[in-house]
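Please open the model in a viewer and keep the selection panel at hand. The stops below are arranged so that each selection leads to the next.

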Amino acid sequence: MKQMICPQRAGQYGSNTVLIMTVFPCIQKRRSFKFFNFWLQNPSFKDTLIQSWAEPVIGRPMFVLSTKLKRLKSVLRKLNLECYSNISKRVCAAKEELDVIQEQLFKTPFDLVLSNTEKEILKKYVELRIAEESFLKQKSRVKWLALGDQNSKYFHQKMCSHRARNTILSFTDSSGCLIDDPEAVKQEILGYYVGLLGTAFDRKVDALPTLNLAIQSKVPVHFRFQLIAPVT
């Protein structure tokens with residue numbers, strides 16, 4: 001955390017003010033693996049999945065399962081990088097390419113080569129738009145609302161709002177002190193839940209008498225023997 005003091009010019013009443021700016025450091029976090037639903041629409045997804053899972057792994061069943069899942073993560077990340085990285089830029093590039101080819105086709109409407117090219121580019125553009133919409137929908141974590149065509153801007157705003165709402169940069173502890181250091185924030189939150197849940201007992205405590213006092217309704221004695229009687 002860095003603090004900068006920025007003096008300001010005197011106002012109409014002749015008083016000087018000082019502006020203190022707090023700059024929070026960028027916290028680097030390791031990205032967790034996320035499965036995106038639009039991968040299922042990729043023509044090569046199924047073959048890629050089968051090929052990765054079919055590669056043999058020697059070991060115990062749990063080790064085999066864990067190794068195959070880790071390997072599959074790398075394969076799916078590679079598929080996402082090759083086909084869907086910077087999805088919004090890919091959509092814009094495909095739209096520009098489609099506009100160019102349609103303008104050429106407008107001048108020469110009977111050109112079969114341009115017509116076939118336009119169909120391929122249009123198919124690519126539609127697939128990318130659907131993938132972008134699914135990506136933003138899944139990232140935003142909101143229920144799909146029929147607000148119009150595609151709603152890419154709407155879901156992008158919801159995603160940014162959700163991320164900002166879940167970020168804790170600073171807070172005030174029980175003593176009234178402001179904590180803004182990332183490591184101190186983590187330790188303070190951990191300490192709060194440790195105190196809330198309690199710690200382990202140093203000695204074994206017989207809790208049965210306390211439970212008997214707390215439980216008001218009890219099974220009568222003659223019913224107890226019936227509960228433990230042999231089944232006939």
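**Before selecting anything**

This is a predicted model, in which local features need pLDDT of at least 70 and side-chain atom pairs count only at pLDDT 80 or more, while totals for chains, interfaces and linings use all residues. Residues are numbered from 1 along each chain as its sequence is written, and side-chain values use heavy atoms, with hydrogens and water left out.

**Stop 1: the whole chain**

Display the protein chain as a cartoon; its secondary structure comes to 8 helices and 4 strands. Helices (H or I, at least four residues) and strands (E, at least two) are DSSP runs, numbered from the N terminus. Followed from the N terminus, the elements run β-β-α-α-α-α-α-β-β-α-α-α.

Next, colour by accessibility. Buried means under 20% relative accessible area, exposed means over 50%, and partly exposed lies in between (1.4 Å probe, protein chains only). Of the 232 residues in the protein chain, 17% are buried.

Among contacts between residues at least 6 apart in sequence, 34% join residues at least 24 apart.

**Stop 2: the aromatic cluster**

Select F33, F35, F36, F38, W39, F45, Y84 and F135, which form one aromatic cluster. Rings of Phe, Tyr and Trp (its six-membered ring) pair if their centres lie within 6.5 Å; planes under 30 degrees apart count as stacked, over 60 as edge-to-face and the rest as tilted. A search of the whole structure finds 9 aromatic pairs. One of them joins F35 and W39, whose ring centres are 5.3 Å apart with planes at 80°, so the pair is edge-to-face.

Which of these two residues is buried, and which is partly exposed? F35 is partly exposed at 32% relative accessibility, whereas W39 is buried at 2%.

F45 is buried, at 9% relative accessibility.

Now centre on W39, which is placed in the loop between β2 and α1. Not counting residues up to four places away in sequence, W39 touches F33, K34, F45, L76, N80 and Y84. A C-alpha to C-alpha distance drawn from W39 to Y84 gives 9.0 Å, for residues 45 apart in sequence.

**Stop 3: a neighbouring selection, L79**

Move to L79 in helix α2, a buried residue at 6% relative accessibility. Leaving aside neighbours within four places in sequence, L79 is in contact with N42, S44, F45 and Y84. L79 and T48 are 31 residues apart in sequence and 8.7 Å apart in space, C-alpha to C-alpha.

**Stop 4: the second largest pocket**

On a 1 Å grid over the protein atoms alone, a pocket is an open set of points where a 1.4 Å probe fits, with protein on both sides within 12 Å along at least five of seven lines; lining residues have an atom within 4 Å of a point.

Select N42, Y84, E127, L128 and A131, which lie nearest the centre of the second largest pocket among its 14 lining residues. The volume of this pocket is about 360 Å³, where grid points are joined across faces, edges and corners and the volume is the space filled by probe spheres set on the points.

Which helix gives the most to the lining? That helix is α4, with 6 residues. Both α2 (61-84) and α4 (112-140) supply at least two lining residues each.

Colour the lining by class: 7 residues are nonpolar, 4 polar and 3 charged. Here Ala, Val, Leu, Ile, Met, Phe, Trp, Tyr, Cys and Pro count as nonpolar, Asp, Glu, Lys and Arg as charged, and the others, Gly among them, as polar.

**Stop 5**

K137 is found in helix α4 and is partly exposed at 37% relative accessibility. Its C-alpha is 8.4 Å from that of M159, 22 residues away in sequence.

Then select N86, in the loop between α2 and α3 (87-107). N86 has a positive phi of about 50° although it is not a glycine, and it is exposed at 53% relative accessibility.

Finally, select C83 and C92. C83 is partly exposed, with a relative accessible area of 25%, and C92 is also partly exposed, at 47%. A disulfide is a pair of cysteine sulfur atoms within 2.5 Å; a search of the whole structure finds 0 disulfides.

Methods. Contact = heavy atoms within 4.5 Å.
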